[in-house]
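Grab your viewer and work through the exercises below. Try each task before you read its solution.

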Amino acid sequence: MKKIVFIIAFVALSVSAAVAQRVAYVDSEYILKHIPEYVSAQKQLDDLSTNWQEEVDKQYGEIERLYKAYQNDQVLLNDDMRKRREDEIVNKEKQVKEFQRQKFGFEGDLYKERIRLVQPVQDRVAKAIQDVANAQGLDLILDKGSEVTFLFANPKLDKSNDIITKLGFKPDPSLAN
């Protein structure tokens, strides 16, 4: 009997504690689209990435040209010349792969630029979210734009516009997905 009363009391307390939590959500992508520094940084990163990718494509085109020339001349080359041409092609491939790693790899130049340009904006957004949560007595704020799957989200719980206003911008519904 005591166990049953204890279990019922525990369940009742758990349910009341869960109900007492105030939850809201934001759409971080929607918020970031309102911040000109973020939009500008994203454009810079896209341009930088495009330029580097064009350089990679150009270098692979050169490797392809060298390989085709090697295939055409292969029967005319002696072993020493064949080995030199093969080594040249392999070395160029290594150089391109190293260039790709330096530019696009983990902690590569693109990653470092992203941190330099985007991190301050993301920090401002995180601070604004924290300020709104504290001001409105919210216990939990989820991000609608991240990996969390929302099967249903009550629009009354969306605090994205509050965050945008807190950051000093005017919400623009046309930027919503």
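Y67 sits in helix α3; helices (H or I, at least four residues) and strands (E, at least two) are DSSP runs, numbered from the N terminus. A note before going on: this is a predicted model, where local features need pLDDT of at least 70, side-chain atom pairs count only at pLDDT 80 or more, and totals for chains, interfaces and linings use all residues. Residues are numbered from 1 along each chain as its sequence is written, and side-chain values use heavy atoms, with hydrogens and water left out.

**Exercise 1.** Work out whether Y67 is buried, partly exposed or exposed, and how far Y67 is from I89 in sequence and in space.

*Solution.* 
- Start with the cut-offs: buried means under 20% relative accessible area, exposed over 50%, partly exposed in between (1.4 Å probe, protein chains only).
- Y67 comes out at 38%, so partly exposed is the label.
- Y67 and I89 are 22 residues apart in sequence, yet C-alpha to C-alpha the distance is 6.9 Å.

**Exercise 2.** Find the aromatic pairs and classify their geometry.

*Solution.* 
- The rule: rings of Phe, Tyr and Trp (its six-membered ring) pair if their centres lie within 6.5 Å; planes under 30 degrees apart count as stacked, over 60 as edge-to-face and the rest as tilted.
- Two pairs turn up in the structure.
- For W52 and F104, the ring centres are 6.2 Å apart and the planes meet at 85°, so this pair is edge-to-face.
- W52 belongs to helix α3 (residues 36-73) and F104 to helix α4 (residues 79-104), so the pair ties together parts 52 residues apart in sequence.
- W52 is buried at 14% relative accessible area, while F104 is partly exposed at 29%.
- F106 and Y111 form a tilted pair, with 6.0 Å centre to centre and 35° between the planes.
- F106 is exposed at 75%, and Y111 is partly exposed at 37%.

**Exercise 3.** What does K103 touch, leaving out residues up to four places away in sequence?

*Solution.* 
- K103 is in helix α4 and counts as buried, with 16% relative accessibility.
- Contact means heavy atoms within 4.5 Å.
- On that basis K103 touches W52, G108, D109 and L110.

**Exercise 4.** Which side chain of opposite charge is nearest to D27?

*Solution.* 
- D27 is in the loop between β1 (23-26) and α2 (28-33).
- For charges, Lys and Arg count as positive and Asp and Glu as negative; His and the chain ends are not counted.
- The answer is K144, at 5.0 Å.
- A salt bridge needs a side-chain nitrogen of Lys or Arg within 4 Å of a carboxyl oxygen of Asp or Glu; D27 is buried and has none.
- Leaving aside neighbours within four places in sequence, D27 is in contact with D143, K144, G145, D158 and S160.

**Exercise 5.** Count the helices and strands, and give their order.

*Solution.* 
- The chain has six helices and two strands.
- Read along the sequence, the pattern is α-β-α-α-α-α-β-α.
- Of the 177 residues, 23% are buried.
- Among contacts with a separation of 6 or more, 78% join residues 24 or more positions apart.
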